[in-house]
Amino acid sequence: MNWYSREKRDLPWRATRNPYTVWLSEIILQQTRVAQGTPYYEKFINAYPTVHALAAASEQEILKLWEGLGYYSRARNLHKAAQQVTQEYGGIFPDSYLELLKLKGIGPYTAAAIASICFHEKVPVVDGNVFRLISRLFGIQEDIGKGSTRKIFEQTIAHIMPSSSPGDFNQAMMEFGALVCTPRPQCENCDLQFECQSFREKTQHLLPVKAKKIKIQARTLHYWIFTYEHKICLNKRIKGDIWEGLWDFYSTPTDLFSVASIDRDHNAKASYGPISHKLTHQNIKAWFTQIEVSSALQLTEIAKKLNLTVFNLDELVTLPKPKLIVNYLAQVKF
Ligand code: SF4
């Protein structure tokens, strides 16, 4: 904690213990680097300074602001939790770990962060940084990919956690893991060197143990972009697949497609790709073919048949889209 008060980064959400802003920052920073997340935090606080403002926004507005940050379920859950707080808790955040867990998208990690930082509850936060630091400090060899391992870490931390300032302690642990006990640890500059078991045993690089590897699926998307003059057909992504609620184009898994009344080769105006795009569980390769149809009526018929929506081209900018589509649109002109 001495190290933390000396070395902590000056981050915008650290200026407050308001549960709304702490919650917002914690959700944004999940799976996201601080440098990438900070501008999003600023955008959200400016657009929605209170939980009431966030609850009153539409899901599409929130997804649009979240555009490019990935893991879009976080944005959808953020919206639902804001509505829960306003509708079920009278606009006041619940003030205990167990009650916070009832909010949509809040798991043990976020609940512990809010409860300890905002309400001084003595609950340990265990994120990736803390797993790394604690496993090395105490030489814990349990697989952190297993759900049951979290308990072992929580119990270990409970022994060293002070009752007086659990929020600062948790933040110090996370910050230390992010800045010193990093994947390539800076042991030579570490205040904990003489207490660290893995430093003594020279096992820092073997910890933490994570046996389970994420299975990554290769996926091909052939996009067909139907246009007529300044109109374009878009597809709203549905539940149960990546990018729920975001807009892309009609796609097929191979480059074979047939729509009655469309002569694909005759109508194809421009092709582009492949663009590679990596998600946590999928490596996507995407090809794009723009097809200019021959009338507004034909465009409407295609939209109806393929369950698409017709927009004006200038509306594209206002819609929330996956980064893959944003990148593609930056490369082409219609
Ligand atoms: S000595 Fe190295 S491995 Fe141990 S806590 Fe410090 S940085 Fe981490």
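Predicted model: local features only at pLDDT ≥ 70, side-chain atom pairs only at ≥ 80, totals over all residues.
Before I turn to the structure, one convention for the angles I will quote: under 35 degrees counts as roughly parallel, over 145 as roughly antiparallel, 65 to 115 as roughly perpendicular, and the rest as oblique. Residues are numbered from 1 along each chain as its sequence is written.

Let me start with the overall picture. The protein has 15 helices and 7 strands, where helices (H or I, at least four residues) and strands (E, at least two) are DSSP runs, numbered from the N terminus. Its C-alpha trace spans about 75 × 50 × 30 Å along the principal axes. Of the 334 residues, 31% count as buried; a residue is buried if 20 or more other C-beta atoms, placed from the backbone, lie within 10 Å of its own, exposed if 12 or fewer, and partly exposed in between. If we take contacts between residues at least 6 apart in sequence, 67% of them join residues at least 24 apart, a contact being a pair whose C-beta atoms, again placed from the backbone, lie within 7 Å.

Next, the domains. The assignment gives domain 1 as 2-206 and domain 2 as 217-331, with bounds that come from an automatic or database domain assignment. The C-alpha centres of the two domains lie 37 Å apart, and the contact between them takes 8 residues from domain 1 and 10 residues from domain 2. Which helix gives the largest share of the side of domain 1 that touches domain 2? That is α5, residues 59-66, with 4 residues.

I would now like to go through two helix pairs. Two packed helices are described by the angle between their axes and the distance between the axes. Here the axes are lines fitted to C-alpha atoms, for helices over the stretch in contact, and the angles run from 0 to 180 degrees between N-to-C directions.

For α2 (residues 19-29) and α3 (residues 34-47), the angle is about 140° and the axes are 9 Å apart, so the two helices are oblique to each other. The contact is formed by T21, L24, S25, I28 and L29 on the α2 side, and by V34, G37, Y40, Y41, F44 and I45 on the α3 side. These residues divide into 8 nonpolar, 3 polar and no charged. In the loop between α2 and α3 we find Q31, which has a positive phi of about 60° although it is not a glycine. Q31 counts as exposed, because it has 12 C-beta neighbours inside 10 Å.

The second pair is α9 (residues 128-137) with α11 (residues 166-179), which pack at an angle of about 80° with their axes 8 Å apart, and are therefore roughly perpendicular to each other. From α9 the contact uses N129, V130, R132 and L133, and from α11 it uses M173, M174, F176, G177 and A178. Sorted by type, the residues of this contact are 6 nonpolar, 2 polar and 1 charged.

Is α9 itself largely enclosed by the rest of the structure, or largely open? It is largely enclosed, since 8 of its 10 residues are buried, namely V130, F131, R132, L133, I134, S135, R136 and L137. The buried residues of α9 pack against α10 (149-160), α11 and α12 (197-201). After α9 comes G139, with a positive phi near 60°.

Finally, some backbone details to check on the screen. The peptide bond from L207 to P208 is cis, with omega near -5°, and P208 lies in the loop between α12 and β1 (217-228). A cis peptide bond also joins G273 and P274, with omega about 5°, and P274 sits in strand β5, residues 268-278.

Technical notes
Contact = placed C-beta atoms within 7 Å. Nonpolar A, V, L, I, M, F, W, Y, C, P; charged D, E, K, R; others polar.
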